[in-house]
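Here is a short briefing to read alongside the structure. Take a look at the picture, then work through the points by topic.

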Amino acid sequence: MPSLGADMRAAILMRWRVKPGDRVKRGDIIAEVETDKGLIEIEVFENGVVDQILAEPGKKLPVGTVLATIRGEGEPAPVIVTPPVVAPALEPVSEAKPPVRAAPMPHVRASPLARKSAQELGVDLSKVTGTGAGGVIEQADVLQAAAMTKEEKPLAPAEKFRRAVAAAMSRSNREIPHYYLATEIDMTRSLGWLTDQNAKRSLKDRLLVAVLLIKAVARALADVPELNGYWIDDQLQKKDAVHAGFAIALRQIGLIAPAIHDAHLKTLDELMAAIHDLIPRARSGRLRSSELTDATITITNLGDLGIETLFGVIYPPQVALVGFGKVANRPWAERGTIVVRPVLTATLSADHRATDGLRGAQFLEALNDRLQTPEKL
Amino acid sequence: MSDAEIKRAIFDGLRKIAPESDPESLALDANVRKTLDIDSYDFLNLLIGLNEKLGVEVPEQDYGKLRSLKEMLDYFSARIGESTTK
């Protein structure tokens, strides 16, 4: 069970789309899981043949549970000497079981503190997946298992979604020392270019301002790559590819920011096609696992709601979020005179562990530069 | 095409992009995008859908003429009228 969010702990396996013996290739969808953020399609990340299906649909399974094994192309079928370690279901979907009093499990490898907590909380250690060295069960594993075995009242999708957002944003606020910068960008050239382009296009081929903003961010990140990546294990892990987490309003529920993969390589038309593909799927709960996990930076645009300036909360383990407000006509000083220009406020929320304000300012300057030459985006 | 058919096409389009809403309860002069929380993407999709149903291609410079239900009805009625009299 892959982790599909900063604080995802478990998900319900809903359906297999493959069976043992099926050939799969990287990117194929092999299963569907129900998370707090909706139904997600699980992709496979290697080519091969499905060897064993180890989890049954309908079970809530913790992150890290082995769902299936896949044999590489040309590899012989493995001889299973001992069964793979499979964390059993924490609870069936439709029924809640009372907590099980832990029985002594001398063969389970667990820390003394984990054993004490398991005894107190009634957690069966044989059913807990250890995340410590060599698979040793630690106290955190027990606490997580206890939290998930508690009887939970069914939540509406909007409530589950808020809970997932709350967990990720609380973690962000707790762990990430944010700094914030803002700049005003004259959008005359970008909007003029866009208007000319759209005048030549039919409705279904028109571009939105959003694609210019996404591409400009992706291009500006080439100048300041420290803002594109993750903060993991006290280190910045810069990423070459820009997978832009594009915030999409789910109407009554909230915002979700699935990744537009390789935004730096896509043309504006390809980015527009990606938006046409992504938004309906996000709203109907048909996102893919990689779209929830791969974003290297988040882009939020609240201009349509009339917001002028926004300072976002970074989605961990990312290290930056770029925010855009509405384009509004404002007085603009130029060559000693005041003129009226369409102006956009761009903001950067960044992780101070990964960068400082100087690099952040250089990024916003690069972003401004890119939007002054839209024909080169 | 009658005004009632144009209205139905607009309502159908609005229900598709804002399924939780009741477009028929909209005041004629209310700002449709603000009232139904319709962003640029949804608005573009509304126009693409109306183009398919009504055969009217709305140029970008006319977006500002489509703020309220009344403006939409007037606009599409006039544009359809133009094409049928040509």
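How many Å separate the centres of domain 1 of chain A and domain 3 of chain A? The answer is 32 Å, taken over C-alpha atoms. Keep in mind that this is a predicted model. Chain A has three assigned parts: domain 1 covers 1-93, domain 2 covers 97-150, and domain 3 covers 161-376.

**Where domain 1 meets domain 3**

- On one side of this meeting, domain 1 of chain A puts 14 residues in contact. On the other, domain 3 of chain A puts in 17 residues.
- Strand 4 of chain A, residues 38-43, provides the largest share of the domain 1 side, with 6 residues.
- By class, that side of domain 1 of chain A holds 7 nonpolar residues, 2 polar ones and 5 charged ones.

**The nonpolar cores**

- The largest nonpolar core contains 87 residues. Ile214(A), Val217(A) and Ala244(A) have the most contacts inside this core.
- Helix 5 of chain A, residues 209-223, gives the most to the core, with 10 residues.
- Why does this core lie between domain 1 and domain 3 of chain A? Because both domains give residues to it.
- Another core lies apart from the largest one and has 9 residues. Among them are Ala110(A), Ala114(A), Ile137(A) and Val142(A).

**Strand pairing in chain A**

- Strand 2 of chain A, residues 23-24, runs antiparallel to strand 5 of chain A, residues 48-53. These strands are joined by 2 bridges.
- Within strand 5 of chain A, Val49(A) is the residue opposite Arg23(A).
- Strand 5 of chain A is also joined to strand 7 of chain A, residues 68-71, by 4 bridges. This pair runs antiparallel.
- Which residue of strand 7 of chain A is the bridge partner of Gln52(A)? The partner is Thr69(A).

**Where chain A meets chain B**

- Chain A has 15 residues in contact with 13 residues of chain B.
- Helix 4 (188-199) and helix 6 (268-283) of chain A each supply at least two residues of the chain A side.
- Helix 4 of chain A gives the most to that side, with 3 residues.
- The chain A side divides into 7 nonpolar, 4 polar and 4 charged residues.

**Chain B on its own**

- Chain B has 4 helices and 0 strands. From the N terminus on, its elements read α-α-α-α.
- Does the size of chain B agree or disagree with that of a compact globule? With 86 residues, a compact globule would have a radius of gyration near 12 Å. Chain B has 12 Å, so the two agree.
- Along the principal axes, the C-alpha atoms of chain B fill a box of roughly 40 × 25 × 20 Å.
- Of the 86 residues in chain B, 26% are buried.
- Now take the contacts in chain B with a separation of 6 or more. Residues 24 or more positions apart account for 60% of them.

Definitions and conventions:
Residues numbered from 1 in each chain as written. Chains lettered and ligands numbered in written order. Predicted model: local features only at pLDDT ≥ 70, side-chain atom pairs only at ≥ 80, totals over all residues. Domains from an automatic or database assignment. Contact = placed C-beta atoms within 7 Å. Nonpolar A, V, L, I, M, F, W, Y, C, P; charged D, E, K, R; others polar. Rg over C-alpha atoms; globule rule 2.2 N^0.38 Å. Buried ≥ 20, exposed ≤ 12 C-beta atoms within 10 Å, placed from the backbone. Core = buried A, V, L, I, M, F, W, Y, C linked by C-beta atoms within 7 Å. Pairing = 2+ DSSP bridges.
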